[in-house]
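Please keep the sequence at hand while reading.

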Amino acid sequence: MEQCCGMQLNNVPKLRARSSHRPNFQLVMYGAVIFDIHTLQDSRRWFRSRSYLSKSSVSVLHPLLSFPGPHPTATPYDADVESLISSAVSKDELAMHTTTLGERLPYNDYTTIDWLHDLVKDNVRHRRHRRGLAHDRRHGSVINRVRVFLWESWDAAQGWVAAALIGIFTASVAFVVDISVVILSDWKEGHCARGMWLNRRECCVSAALNDNEVCDDWIPWGGRSSYEFDLVSYATSYAIYILFALLFGLIAGAVTMTTKTKLPTASPSNSMSNLDLDEKSPAGKTMYMSSGSGIPEIKTLLSGFVIPDFLSPKVLFTKALGATFAVSTGMCLGKEGPFVHISACVGDIVSNLFPKFQSNSAKKREMLAIACSAGLSVAFGAPIGGVLFSYEEISTYFPRRVMWRSFLCSLVAAVCIKALNPMGTGKLVLFETGYGVDYEAVHYLVFVGLGVMGGIYGGIFCRANYLWSKWFRRLKFIRESSPVVELLLVVFITALLQYPNLLIRQTGDVVMEELLVDCSREIPGQVSWLCRQEERADKGVYYAWLISGTLVKLLLTIITFGCKVPSGIIIPSLDAGALFGRMIGQLVPGISPGIFAMVGSAAFLAGVSRMTVSLAVIMFELTGEVNFILPFMVAILTSKWVADAISKDGVYDLAQHLLGHPFLDSDHALDKVRRLDPDVYQPDQGHNNGTMEDLIPPPNTMDEISLFTGPDYRVRKTTLQEKLARLQARGLMDAGLVLVNERGICHGYLPEAELEFALAVLAETETGEDEDEQDGEVDLVDGVVADFVDRSPLTVASRAPVEYAVEMFGKLGLRYLIVVEEETARVVGVVIKKRLLSYLDSLR
């Protein structure tokens, strides 16, 4: 028998017949094992391959599986709905908010999962297996007892095995990306005489140096005379550097464009096209899946929302390839953020190999949180920092078992990347320093000063990048042209400004490595350009290069972050802080300037990202300087406080606002609600006084989503179809029907996606029956549709504080919450997570 997402279609009557206690059975059936509606979005090919499902049936099963077809039209909706639309929604998103049926909420391209029901689902799965195995243990042979022991051991070990596999595969992808970046980035300046595929370090590792302390085997494009200033040679090298950067940028942009995707929206299926709905098909949101760092999107995923195809194998390949060429351009971006996205893609692929995780959306998100730790581990050689980064910056749900498995995943990834040795150093520490000196108490003043400057840098960057994205990318020329045009423009400006400054000409990780060098430990005959500048009596020119490098990095990072290309913000921020810290270090006698470059880099990154604990650990793992953990902590905390005073949100939070990704941050949400002023927020302005009444939908919306069961709890099938079609016409895939009796008391809740699936099952089971029978009544107490009704939805009183909703959605992971009247328990509203987010956005 073919199965559909863990459910045998013709087993529904059998399962129903076995139930003796209807309320408990309904919870089990909905929350446990019939099917996982969220896995349907990844099953389009599977459904098409099944002979017993027609094309129209596939369209009915889930909105994400619908086929292209004609859609109804629509007219503008009432003006009172405008107050419910977030001010952060773009014009394209505002265009989607047009319907004659009630209202449209923001984020209508995203579906949500229900953490609570997924928890029940996994527990029921485990109990069902244990009941069967317990019978074998009591009555079976020794072989059966061994089989029971093996199953229990394997079920407990699956998470650990998956974590180890994720670490191995993530390290393998990172190894390929790292060695490719080193080779391609060196091509911008020259090539090795012993082979084009050798980077500069490998080419010169055993080569003799000439009188100018330059490797003879490395040949610049402008000729050997370019080691000394020669105008023709310099101009030739300059031009080739720019051309290579543009070529790499073009490839990176073209690869990213292949992942252009329009997020699906719900629309009436073909089988319901005969309904008279004056509706327009809602427009989908366009995303480039492999652009950016991917961290804002991953935060949205781990908070319980769904972004289809964001973690697919295609995105994994294009992200790795695009990041390779994007970093090789020399733009102010890093591969560390993309590595987190790559690791999440690997985590999704590996978790799909285990049915325990594949069929449970909440369990799969635990594996994604585990996978993110491997991304930072291979990026910086910081296994502990990777675990803390996933906990502090990425995850909204991080129980102890996830932390333990993250520790294993990060450890395996670090072991593999050290063994593969992509950088050729044989060490895990990426920027090993070994200054060999200690700091004095007076130096804490300098560390605090670096923290203040880092906070100012971070606050300015976040505000400037936000304003730049809102202004520049809305210019007619940029808006109407391909994103590759903007990318090439940024690449050209970057190459033009960075090449003259030797401090920032290389890629970001090379720049960071050179800025942290301790000149007192340099080997004679191999002194770097930076150390030769610091040996001069007159350092005016050197100071100019440091100051201009810091400003150029700030400017270029502002205009680069947000381009449609794989990119991260970590390395550019570290570079800017190291440049500034190195300059400050010239003014402090008796201590290596590299120490202040190291602390400054941490301060600047803290100002941009607002990371704290994880960043402090990453920095001492990155440099190997455990003795400087206190300066790191001082600078990081100071930077965060200053940056928060300038701009409340960090770069990843602002990126979520700009990209329109939904995310519920309980702390920020409670802070907004706490600031409610009864004298400002009045009922006639769409708000009450911070109670659940603020979240009650308008009357016309409640009419759409209410289903009156009648005294016998039966409704006509056509009524369900009409209700479903009207919900789909709104384009909001997370809506549902609240079942109420004649007294207005809640009888249950039937989510939209589950209703679709139930009607599809009815259509299959009723094939061949008369039309009169197919249009008959549906039993909401006993039957196929009844099996998908949630009999125990959580409810809250209408006069309860709105903080209740924030905490329940944030900590329980709900999809919906029923609002009832205090005195009568009559249903007065239904709140879904998107409505709560819309309300919180209106308080911004």
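A disulfide is here a pair of cysteine sulfur atoms within 2.5 Å. The structure is a predicted model, in which local features need pLDDT of at least 70 and side-chain atom pairs count only at pLDDT 80 or more, while totals for chains, interfaces and linings use all residues. Residues are numbered from 1 along each chain as its sequence is written, and side-chain values use heavy atoms, with hydrogens and water left out.

**Disulfides**

A search of the whole structure finds two disulfides, and they are set out in the table.

| Disulfide | S to S distance | Torsion about the S-S bond |
|---|---|---|
| Cys192 and Cys203 | 2.1 Å | about 80° |
| Cys519 and Cys531 | 2.1 Å | -90° |

Because the torsion about the S-S bond of Cys192 and Cys203 is about 80°, this disulfide is right-handed. The pair links distant parts of the chain, with Cys192 in strand E2 (residues 190-192) and Cys203 in helix H8 (residues 200-204), 11 residues apart; helices (H or I, at least four residues) and strands (E, at least two) are DSSP runs numbered from the N terminus. Both Cys192 and Cys203 are buried, where buried means under 20% relative accessible area, exposed means over 50%, and partly exposed lies in between, with a 1.4 Å probe and protein chains only.

The link of Cys519 and Cys531, with -90° about its S-S bond, is left-handed. Cys519 lies in the loop between helix H20 (508-515) and helix H21 (529-534), and Cys531 lies in helix H21, so this pair ties together parts that are 12 residues apart in sequence. Cys519 is partly exposed, with a relative accessible area of 24%, whereas Cys531 is buried at 1%.

Cys345, by contrast, is in no disulfide, and the nearest cysteine sulfur, which belongs to Cys372, is 9.8 Å away. Cys345 counts as buried because its relative accessibility is 0%, while Cys746, at 23% relative accessibility, counts as partly exposed.

**Surroundings of Ser592**

Ser592 lies in the loop between helix H23 (570-585) and helix H24 (593-609), and Ser592 is buried, with a relative accessible area of 10%. Not counting residues up to four places away in sequence, Ser592 touches Tyr435 and Asp518, where contact means heavy atoms within 4.5 Å. With Asp518, the side chain of Ser592 also makes a polar contact of 3.3 Å, a term for a pair of N or O atoms within 3.5 Å of which, within protein, one must be able to donate a hydrogen and the other to accept it, residues adjacent in sequence counting only if both atoms are side-chain atoms.
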